[in-house]
Amino acid sequence: MMPVVGEKIILGIDPGTTIMGYGVLRVVGTKPEMVAMGIIDLRKFANHYLKLKHIHERVLSIIESYLPDELAIEAPFYGKNVQSMLKLGRAQGVAMAVALSRDIPITEYAPLKIKMAITGNGQASKEQVADMLQRMLHLSKDDMPVFMDATDGLAAAYCHFLQMGRPVAEKGYRSWKDFAIKNSDKVKF
């Protein structure tokens, strides 16, 4: 059961070093609605450090515009190219640092988890994710962006919305004895 919240703004980010996608979701009660989605275009910057500076400036601007309560960000996954992974991690880190500088809590989600939450298939394509978001959020064709990175950012926010109603499981127990020791207030000896 989804807990009822007054209003919460969730910023979702799909990190990238060429195109970084973002989506802003407003949750009123238990109803989510898309507020904005777009991209941070980094293609014009040849220097990686200038890209990081631009990410900092744009994420700060987005945060100041929409005042999100929480940030959901896609975790980088390990590919074959270590240098690409390092650069992607830096881009993600800059976005996270901006959120932390504004005391915005961050939750990271693996790409598979986001795809699974949106489509029910951890191997879904970007197009399938975008199509499901369009249906679930009742977005018109005109609302759909050219770059799927924007819908990936919105997907991170929507995944976070879906997780809001799920309690976090505590560490498991190794045995009944372990359970009894950790829950002495619930067990009579």
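Helices, as named on this tour, are DSSP runs of H or I with at least four residues, numbered from the N terminus. With that in mind, and remembering that this is a predicted model, select K51, which sits in helix α1, spanning residues 48-66. K51 is buried yet has no salt bridge, and the nearest side chain of opposite charge, that of D41, is 8.4 Å away. If you now show its surroundings, leaving aside residues up to four places away in sequence, you will find that K51 touches T17, L42 and F45.

Next, select D14 and D149 together, the residues that an unreviewed UniProt entry lists under "binding site". Although they are spread over 136 residues of sequence, they cluster in space, with a largest C-alpha distance of 6.4 Å. The lining of the largest pocket includes both D14 and D149.

Now take D14 by itself, and follow strand β1, residues 5-14, in which it is placed. Is D14 buried or exposed? D14 counts as buried because its relative accessibility is 5%, and buried means under 20%. Beyond residues up to four places away in sequence, D14 touches M20, G21, E74, K126, D149, D152 and G153.

Finally, move to D149, which lies in helix α5, made up of residues 148-163. D149 has a relative accessible area of 17% and is therefore buried. Its contacts, again not counting residues up to four places away in sequence, are D14, I19, G21, Y22, I39 and K126.

Note on methods
Residues are numbered from 1 along each chain as its sequence is written. This is a predicted model: local features need pLDDT of at least 70, side-chain atom pairs count only at pLDDT 80 or more; totals for chains, interfaces and linings use all residues. Side-chain values use heavy atoms; hydrogens and water are left out. UniProt positions are given in the numbering used here, feature names are shortened, and annotations may be inferred rather than shown by experiment. On a 1 Å grid over the protein atoms alone, a cavity is a set of points where a 1.4 Å probe fits but cannot get out, and a pocket is an open set with protein on both sides within 12 Å along at least five of seven lines; lining residues have an atom within 4 Å of a point. Helices (H or I, at least four residues) and strands (E, at least two) are DSSP runs, numbered from the N terminus. Buried means under 20% relative accessible area, exposed over 50%, partly exposed in between (1.4 Å probe, protein chains only). Contact means heavy atoms within 4.5 Å. Lys and Arg count as positive and Asp and Glu as negative; His and the chain ends are not counted. A salt bridge is a side-chain nitrogen of Lys or Arg within 4 Å of a carboxyl oxygen of Asp or Glu.
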